[in-house]
Amino acid sequence: MSATEKKEPILSVKNVKKHFQVGGKKILKAVDGISFDIYPGETLGLVGESGCGKSTVGRTLIRLYNATSGEVSFKGKNVHELKGKELKQLNRSMQMIFQDPYASLNPRMKVMDIIAEGIDIHGLNGKKREDRVIELLETVGLNKSHATRFPHEFSGGQRQRIGIARALAVEPDFIIADEPISALDVSVQAQVVNLMKKLQRERGLTYLFIAHDLSMVKYISDRVGVMYLGNLVELADSDEMYDNPLHPYTQALLSAVPIADPSLKNERERVILKGDVPSPIDPPSGCKFRTRCPQAMDICASTIPEWKEIKEKHFVACHLYN
Amino acid sequence: MSKILDVRDLHVSFHTYSGEVKAVRGVSFDVEKGQTLAIVGESGCGKSVTSQAIMKLILTPPGEYKHGEVLYNGKDLVKMSEKEMEQIRGKEIAMIFQDPMTSLNPTMTVGKQIVEGIIKHQKLSKAEAKEKAIEMLKLVGIPSPESRFTQYPHQFSGGMRQRAMIAIALSCNPNVLIADEPTTALDVTIQAQIMDLMKDLQARLGTSIILITHDLGVVAETADRVVVMYAGKVVESGTINEIFAEPRHPYTWGLMNSMPKLNQDRSEELSPIPGAPPDLLAPPKGCAFAARCKYAMKICQEVDPELTEHSKDHRVACWLEHPMAEAYRKEVVEGRESV
Amino acid sequence: MSTEKTYTPDLFEPIGQLDKRAEQLNRKQVGVWKDAWLRFKQNKGALLGLFLVLVIGLLAIFGPLINDYDWSSQNVTIKNQDTAVDGHYFGTDHAGRDLWQRVWYGAKVSLMIAFLAVFLDVIIGVTIGGISGYFGGRVDAVIQRFIEIIYSIPNLIIIILLIMLMEPGIWAIAISIAMTGWVPMSRIVRAQVLKLRSQEYVLAARTLGASHKRILLKHLIPNVIGPIIIAVTFSIPSAIFFEAFLSFIGLGLRPPEASLGVLISEGNGFMQLSPHNLIWPATVLSILMFAFNMIGDGLRDALDPRMKK
């Protein structure tokens, strides 16, 4: 992708860890040392199964959680050290879209007030508040008449678009979309995805798109990262990732996606993984995937695989490629 | 092939304080022995209500069976008493649900929950039932079933719980298994395991499966026949190849187009279905999909189309099927193909 | 199709996508409160309760205007009269005071004390519960220990101490009831806030840079109103009852002041000879308790989020 060439990253994540203390002395390593860059104008997809830490990554980037260690720098500044005016600036330029359209809008607030929240907080009085909200509603395909309604009157897809309008109100450059479509019906998912792509074209937005639906991620992302138990296991351009997955986990994940074409049913070779994802409280030693990996070797139990660029812009953490 | 289950013109409504919600408005389909029938549709289309209605799990009130019959081996389940249904549920027709956590009793060991059904329906002694239960756990691929037998549901992972649910459902060799979004709550790799398991068990036990889902991918990989539902009605039904290779209803087209293809160009837009499904408190007069349909005609607003046979298995409820719309249909189909 | 002939070709004219109003909202606009009212209305008991509370409330305010007496003047010539003559609808008490006047005046005082006490409950309970639940962690731990200490002291002791310190009167009693009464309220609010603070709309406000105050006042408290109202409707009868209890054991208002508790306490002394002294205030008290509890049940069904789809 041309967007990723010769540009400074807008967001740079270096060895970020986020550990939670659960029940006494146990430590849940939700994110256990991940590094990646996001370049202006691109969409980075982040996929993985539930509990792999992908949502925690998003929330740590936007400071909903404080990182246990590591550094998140956004436009050259460490986000976890910002204060005062700079912090306000960050709140404006980095925004988030949430997963559950039923929980992400305050049921007691009118759509007008929900969307205008950022305008109120940041005192953005360039235009009349009401005009601005109407403009935002129209941007996301709704209209003036919706401003006086309450969230429960809207369908899931409409609510999700209201959530997008709320994020857009502060004119961000970077949006973290945390599973924005997984709670929606298929036909509505496309509405939201089309809207996100349109906004990206028109406003040059950068996205971190967190999801577990691999076909949608492939469609929307320029590059894709795959997470397993708190670590990135592979990161590449999305076509490269889907055509030529290197990590055994990525291979299994891709082959597990059901394809809506019965004629392909018998052609595909599937890798069906055995067992379940181990607990992040007590993960396996060495490579965390080794307990389910069809190609595990002796070294996988003893040594943590290095995060390496195997091909140009194709990173993987696996002993098979050493 | 013989029909094991035949649903005819089923209507189910719910009475709420704001009025009568017509959740299922005339659904007909049949399930053949040893086959998998998938019911697809978006949330609120009535697919889950249909499946619960077959099991007579709808509470009346607020629910009401307005009309229609559910023939199981020729007997109408709708007319059966609760006592007779108890002999059907679990033994003849079993069900698994979306969320295995809430459908297992958290205060009872998994083993006991399997044994309960076996003792009730198969008149086995406790020891025999236990043996059978452990055999079932082994069958659904739960490792070390003897020790798992005495564990509680919270000690199982999500995938394991769904396996345990399947073990409970299949423990009495039911003829029909209704699976209501069995893998929606699970991750893809676990979903693949469970779908594999269901296919494998079906081949071994000859169970007929009704698979309720919104995921066309899952349908394509597991079903033999498909019923597409919209706003409480069947809009299209046919064999898996018919539905995926030559879908005929604009709603089915819409569903297929709104998903990205594997090789979809990123610069190409997806084509979502605009708007939202109608409110079933006051369903529209004509075709329920007309308002969202690109190809709607005058008549679509006025009269609800009936389900008509296109070929032996393939049925469609759309005015485009009418002989008088033949020319227009041709135009529409050509337009679609050229895109 | 068998009915081909009934259709004319013009019906098959394409009109394309009708839904220019594709974004029209499906549902009629039913507000949260209207929705709750629709549910509440279905509960006949709750409606009866609401009716009874309104009747007693109106009588407490306007009842004394109906006859020509007042609540404190005595007429020793007509003591303990149990029949309604000369406009003494409820008869007279042992000191010859008009019981109709005293019962409604007393009901008014009792209701005032109860409302005042519950008002204080809400102010203290919501503030402390909200802060405790929202900030969590150490703040929560400290507040919870403090609450446990307060709660472990029998509240009668606290109340006796308070009443000794303050002049017995409406305020003193209301404050003493509220002193311990806010604890359950704060627990309800804390539990709700604890649950709501991880909701995505709260996270969204945080990512927009909202202050703690804004999050608490705009996002959390408005969503706890339902449970607060339910708690209030159950607290009012218990405050009325508690006031009566205090007055009955002599810690509350003193005669000739009147409250339902004082009247019952007085009537108790003449129970055998002139039971009407006891019956009238006790009946009003019972009806109030019953009515508020019925309303509370109805509201719980109407507002409980678990009942909603």
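Student: Among contacts in chain A between residues at least 6 apart in sequence, what percentage join residues at least 24 apart?

Tutor: Keep in mind that we're looking at a predicted model. Take the chain A contacts whose two residues are at least 6 apart in sequence, then keep those whose residues are at least 24 apart. The share that passes is 64%.

Student: What radius of gyration does chain A have, and why does it agree with a compact globule?

Tutor: Start with the length, which is 322 residues. A compact globule of that length would have a radius of gyration near 20 Å, so chain A agrees with its value of 21 Å.

Student: How much of chain A counts as buried?

Tutor: For scale, the C-alpha trace spans about 65 × 50 × 45 Å along its principal axes. Chain A is built with ten helices and twelve strands. Out of its 322 residues, the buried part comes to 52%.

Student: On to the neighbours. Which element of chain A gives the largest share of the side that touches chain B?

Tutor: That contact takes 31 residues from chain A and 37 residues from chain B. On the chain A side, the elements giving two or more residues are helix 6 (186-203), helix 7 (214-220) and helix 9 (248-256). The largest share is eight residues, and it comes from helix 6 of chain A.

Student: And by class, how many residues on that side of chain A are nonpolar, polar and charged?

Tutor: We're still on the side of chain A that touches chain B, sorted by class. The tally there is six charged, nine polar and 16 nonpolar residues.

Student: Which element of chain A gives the most to the side that touches chain C?

Tutor: Here 29 residues of chain A are in contact with 21 residues of chain C. Helix 2 (84-93), strand 6 (94-97) and helix 3 (111-122) of chain A each give two or more residues to that side. With four residues, the top contributor is helix 3 of chain A.

Student: Which strands stand at the edges of the open four-stranded sheet in chain B?

Tutor: The order is 2-1-4-5, with antiparallel pairing. Two of the strands each have a single partner strand, so one side of each is left without a neighbour in the sheet. Those are strand 2 (19-32) and strand 5 (75-76) of chain B.

Student: Which residue in strand 4 of chain B is the bridge partner of Val12(B)?

Tutor: Strands of a sheet pair through backbone hydrogen bonds, parallel or antiparallel. Strand 1 (residues 3-16) and strand 4 (residues 63-72) of chain B pair in the antiparallel sense, over eight bridges. In strand 4, the partner of Val12(B) is Tyr65(B).

Conventions: Residues numbered from 1 in each chain as written. Chains lettered and ligands numbered in written order. Predicted model: local features only at pLDDT ≥ 70, side-chain atom pairs only at ≥ 80, totals over all residues. Contact = placed C-beta atoms within 7 Å. Nonpolar A, V, L, I, M, F, W, Y, C, P; charged D, E, K, R; others polar. Rg over C-alpha atoms; globule rule 2.2 N^0.38 Å. Buried ≥ 20, exposed ≤ 12 C-beta atoms within 10 Å, placed from the backbone. Pairing = 2+ DSSP bridges.
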